[in-house]
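Visitor: Please take a close look at one chain of this model and follow it to what it touches. I would like the cut-offs stated as you go.

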Amino acid sequence: MVGRRLATALPGVVGVIVVTFLLNRALPGDPAAYFAGPAATPQAIEEIRTKLGLNRSLPEQFVLYIRDLARGDLGHSLTTGQPVVADLRARLPASLELATCGLLLALALALPLGVLAATRPGSGVDHVTRLLATTGNSLPVFFTGLVLVYVLYYLLGWAPPPLGRLEVFRTPPETVTGAYLIDSLLARDPGLFLSAAKQLILPTMTLGLAALAPITRMTRGAMLGVLASDFVRTARANGLAPRTVLYVYALRNAMLPVVTTLGLVLSFLLGVSVVVEKIYAWPGIGAYALEAVIASDYAPVQGFVLTMALVYVMLNLLIDLLYGVIDPRVQIES
Amino acid sequence: MRGAGPLLSVEDLSLEFRARDGTVRVLDGVGFTVGWGETVGLVGESGSGKSITALAIMGVLPPTARVTAGRVIFKGTDLLAADERTLRRHRGSEISMTFQQARAALNPIRPVGWQIEDVIRHHTDLQPAAARSRTLDLLAGVQIPDPGRVYGAFPFELSGGMCQRVMIAMAVACSPSLLIADEPATGLDVCTQAAVLELIGDLARRSDMATLLISHDLGLLGERADRVVVMHAGHVVETAPTAALLAAPRHPYTAKLIASSPRPSVGLSDLVTIPGTIPDFRAQLPPCRFRFRCDRAAPECDQPPLPRVVVGPDHVVACRRPL
Amino acid sequence: MSAAVLRLARAGRYVVLGNPLTFGAFLMLAGLVTLALFGHWIAPYDPLATAVGPRLAPPSATHWFGTDNLGRDILSRVIVATRLDLLIAISAVTLSFAAGSAAGASAGFYGGWTERIVTRIVDTIMAFPLFVLAMGIMAAVGTSVVNIVLTVALINFPSYARIARAEVNVRRNAGYVEAARLAGNTPGRILAVHIYPNCLPTLIVQASMNMGWAILSAAGLSFIGLGVRPPTAEWGIMVSDGSAFMMSGEWWVSTFPGIALMLAVLSFNLMGDGLRDLIDPRRRS
C-alpha cells in the first residue's frame with residue numbers, strides 16, 4: 001500500500017523537476033548571465049555557458065539537468081561560494097524546525113477551538129472562533145509578524161530580539177538532527193534548550209497564527225457536519241456518554257476532511273515561512289533564497305524552489321498515508 | 001415486569017421547525033399508546049411526521065426542532081421533561097431505535113462489532129471479553145451467518161440487509177422494553193424485507209418486547225402489527241386494532257391508503273391514488289389537514305378543534321364525518 | 001432580460017443588506033474603489049516625492065500617517081497604492097478565472113486528452129507550495145507589474161480549473177443538456193451557452209474569496225523583494241520598507257500600509273462569505 005502511494009507521488013515529482021528545469025533554463029533572458037552573476041565579465045559568462053551546457057539544445061540540457069540532479073549538483077552559490085546542496089542541507093533543519101513548531105501550535109489551538117465552536121453553536125466561543133477564522137484569513141503574515149515583534153519585543157520587552165535561532169552569545173549544539181530543541185536536549189544542555197525555545201517563541205507564534213484560521217474553520221465545519229450526521233444520531237439514540245459521542249464518533253470522523261485540507265494548509269505554511277524567516281532573521285532555506293535574490297545569485301533560488309517542492313510532495317505523501325490509517329475505506333477499497 | 005397502564009403513551013405532542021421563512025408546524029396534537037409487549041404499526045405517507053415522532057420520543061431531534069406541547073410517558077416518566085442523564089439511561093437500554101438508512105446510521109470508520117459493544121459496555125458492567133462474546137451472540141441472533149467476520153467489518157463492507165440486522169442487534173443488545181423500528185424494510189429487496197420483519201417479530205416475542213413499527217407500507221404492517229396508528233400531515237387520523245382497521249377503516253384517508261396499497265387480488269390499474277399532496281405546513285392550516293384532499297369534506301370540517309371520535313373498541317377516528 | 005437584472009439587483013441587495021458584516025464589507029470596498037479611482041487627486045502629497053516632510057516623522061497634523069525614511073508622506077503613498085494593489089488583484093483574478101474556468105469546463109465536458117492535459121497542468125502547479133512557485137517564477141522572469149499579475153494568475157489557475165471541471169461534470173448528463181444535444185446544438189455551444197452559465201455562481205464565489213488571496217500574494221512577493229520595484233507605492237513593499245524601523249520604534253511606516261492591506265483583504269473575504277451564503281445556503285458558516 002505504501003508502495004502504491006509512492007507511485008502516485010511520482011508524477012508530482014516529475015512535474016516538479018520539469019517545471020524547475022524550465023524555470024532554470026528556459027525562461028527569457030540569458031540563463032548564463034544569471035548564473036554568472038551581475039559582476040561577471042562576458043568571458044566568464046561564456047565559460048559558464050559552456051560549463052553548464054547552456055549552448056546545447058533544450059532536450060540535451062534537460063538530460064544534463066537530470067544528471068546533475070541525480071548527482072546532487074544544484075550549482076554553486078555566488079554569495080557563499082559553496083555548492084547549493086551543501087548550503088541547503090545546512091539550513092533546511094532550521095526551516096523544518098520552525099515550520100513544525102508553527103504547525104503544532106496551530107493544531108494545538110485550532111482543533112480545540114473548532115470543536116468547541118461546533119459543540120456550542122451560537123455561543124461566545126462560536127462567535128469568537130468564526131471571527132478569528134474570517135479575520136485570520138485576511139491578515140498578511142508579514143504584517144502580523146512585524147506587529148508581534150513591535151508589541152512583544154519593543155513595547156513590552158517580553159520576547160527576545162528577533163535575531164535568529166539562539167541568543168547572540170550562545171553556540172549551537174552538536175548537530176544530530178539539526179533541530180536545536182532536540183539537539184540541545186540530546187547534548188544535555190538545558191540552558192541551550194531554553195535559549196533556542198525563547199528564540200522560537202515569536203516566529204512560531206507568527207506561523208501558528210497564520211495557519212490557525214484555515215484549520216479552525218475546517219475543524220469547525222467538519223465537526224458541524226459530523227455532529228449532524230446519522231451515525232452520531234444513532235450513538236446518541238443509544239444513550240452513549242457525551243464524551244464518547246464527541247471523541248469516538250464525531251471527532252475521529254471530522255478529522256478526515258481536516259487531514260485532507262492539511263495539504264493546502266501546508267502549502268500555505270511553507271510559503272509564508274519564507275516571509276517569517278525574513279522578519280526574524282531565521283537562517284533557514286527561505287532566508288537563504290531571499291539573500292540570493294538580493295544579490296542576483298540565481299542558483300540558490302532554484303535550488304530552494306526544488307527543495308521546497310520535494311519536501312511538499314513528501315509531506316503530501318505522509319498526509320495520504322495518515323488519511324489511509326484513519327479511514328479504512330481507502331485501504332480496502334483500492 | 002409489566003406495569004400498570006401502557007408502556008408508552010404519547011399525549012398531544014406538537015412540534016415545529018424553525019425555518020428561514022417561517023415555522024413549520026410538523027406535528028400537531030399527536031397521541032397514541034403502545035402497550036407492554038404489543039406491536040404497534042405507525043403508518044403514513046412521506047412527510048406525515050412518523051419518523052419525527054419517533055425522534056421526539058427518543059429525544060434525538062435535530063437542533064432546529066422544538067417541541068411546543070405534549071408529553072411522552074414511558075414507564076411512568078415524562079421523557080420530554082426528564083433531564084439528559086435520565087434520558088441517556090433509558091436510551092439504548094430500555095427504549096431503542098433502529099433507523100431507515102442503516103449503513104448511514106452506523107459509524108463508517110468503526111468496526112460494527114465495536115459499535116455494538118460500545119452500547120453494551122455503556123449500559124452494563126460486562127468486561128470486554130464478556131461484552132465481545134455477547135456481541136457475537138447478538139450477531140448470531142439476528143441471523144448473520146458469520147458473526148466473527150462481521151464483528152470486525154466496516155459498514156461499507158456489508159450489504160444493506162446486513163447493516164439493518166446489525167442495527168437491530170445493537171438495538172436489542174440490552175433487552176429494551178420498547179423497540180422503535182423506523183422503516184426497517186425500506187430499501188431492501190423483498191426477501192430481505194420479509195426476513196428482517198420476521199426477525200423483529202421473533203425477537204419481540206422471545207423477550208416480550210414492545211415494538212413500534214414505522215412504515216409507509218400498510219401491507220407490511222397488516223401482517224405484523226397488533227394495532228395500527230395512521231398519521232397524515234402531522235395528525236393522528238385513526239388508531240385501531242389491525243384487523244378492524246383493514247376490514248373497516250373509518251377515516252377517508254385510511255380507506256384511500258388501503259385502496260392504494262398493492263395487493264395480490266388487485267390489478268395495478270385498479271389501484272387508487274390519493275389526490276394532492278401533504279399541505280404546506282408553513283401556511284395557516286384548517287383543523288383537519290386532510291380537508292383539501294378529502295372527497296367527503298363539508299363546511300363542518302373547518303370547525304376547530306379536530307375531533308376524536310370513538311367508533312369501536314379501541315378504535316378512534318379524528319373525523320367529523322367518518323365512514 | 002430586465003427580469004434577470006431585477007433578480008440580480010434583488011439578490012445583490014439581499015447579500016449586501018442582509019448582514020451587517022457584509023454591508024460593512026460592501027462599504028469598505030466602495031471606499032477602496034473610490035480611493036483607487038480618485039486617489040491621485042485625493043492624496044495631499046506626491047507619493048513619490050521625497051523630503052516633503054522631515055524623515056521618519058511620526059503621525060502629525062500635517063502628515064496623518066507620518067513620513068518614511070526618505071521623507072515621503074505615507075498617507076499619500078497608502079492612498080495611491082490602493083489603485084495598484086486592486087488593479088493587480090483584479091487583473092490576476094480575472095485572468096485566472098477566465099483561463100481556469102475555460103480549461104476546467106473543457107476538461108469536464110470533453111474528457112479524454114483535454115481532461116488529461118488540464119489535470120496534469122493543474123496537478124503540476126499544485127505540487128508546489130504556491131507562494132514558493134511564485135517566488136521561483138518572479139526570480140526567473142524578473143520583477144514587473146505584468147509579471148506579478150501573470151504569476152499570481154498562474155498560482156490561482158488550479159482552483160478555478162478544479163471547480164469548473166467538477167461543476168461541468170455534474171451537469172454533463174443533465175436533462176437539459178440532453179435536450180440541447182438532441183435539438184442539434186454543437187458540443188461547444190452546449191458547453192458555452194447551456195452548462196457554463198450554471199457554473200458561474202460557484203465560480204464567482206471562488207473569485208471573491210480569491211481576491212483577498214491575490215492581494216496578499218502580490219503584497220507578499222513585494223515584501224520579500226520579488227514584486228514591484230521601488231519607489232513604486234504598493235502596500236507590501238511599503239511594509240517591507242518599514243520593517244527595519246518596527247524594531248526600533250518607528251511603527252507608523254509599516255503599520256498603516258499593513259492595516260490598509262488587512263482592510264482590503266477583509267472586505268473581499270467578507271463579501272465572499274456573504275456571496276457564498278447567498279449561493280449555497282447549505283454551506284452557511
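Guide: In chain A, 70% of the contacts with a separation of 6 or more are between residues 24 or more positions apart (a contact requires C-beta atoms, placed from the backbone, within 7 Å). This is a predicted model, in which local features need pLDDT of at least 70 and side-chain atom pairs count only at pLDDT 80 or more, while totals for chains, interfaces and linings use all residues. Residues are numbered from 1 along each chain as its sequence is written, and chains are lettered from A and ligands numbered from 1 in the order in which they are written.

Chain A has 14 helices and 0 strands (DSSP runs numbered from the N terminus, helices being H or I of at least four residues and strands E of at least two). Its C-alpha atoms occupy a box of roughly 80 × 55 × 40 Å along the principal axes. Of its 334 residues, 46% are buried (20 or more other C-beta atoms within 10 Å of the residue's own; exposed is 12 or fewer, partly exposed lies in between, and C-beta atoms are placed from the backbone).

Chain A also meets chain C, in a contact that takes 42 residues from chain A and 39 from chain C. On the chain C side, α4 (112-126), α5 (130-141), α8 (187-223), α9 (235-246) and α10 (252-279) each supply at least two residues. That side divides into 25 nonpolar, 12 polar and 2 charged residues (Ala, Val, Leu, Ile, Met, Phe, Trp, Tyr, Cys and Pro are nonpolar, Asp, Glu, Lys and Arg charged, and the others, Gly among them, polar).

Within chain C, helix α2 (residues 20-42) packs with helix α3 (residues 74-110) at an angle of about 130 degrees, their axes 7 Å apart (axes are lines fitted to C-alpha atoms, for helices over the stretch in contact, and angles between N-to-C directions run from 0 to 180 degrees). α2(C) is therefore oblique to α3(C) (under 35 degrees is roughly parallel, over 145 roughly antiparallel, 65 to 115 roughly perpendicular, and the rest oblique). The crossing of α2(C) with α3(C) is left-handed (the near helix is turned anticlockwise from the far one by less than a right angle; clockwise is right-handed). From α2(C), C:L32, C:L35, C:A36, C:G39, C:H40 and C:I42 make the contact, and from α3(C), C:I79, C:V80, C:T82, C:R83 and C:L86. By class, this contact has 7 nonpolar, 3 polar and 1 charged residues.

Methods. Contact = placed C-beta atoms within 7 Å.
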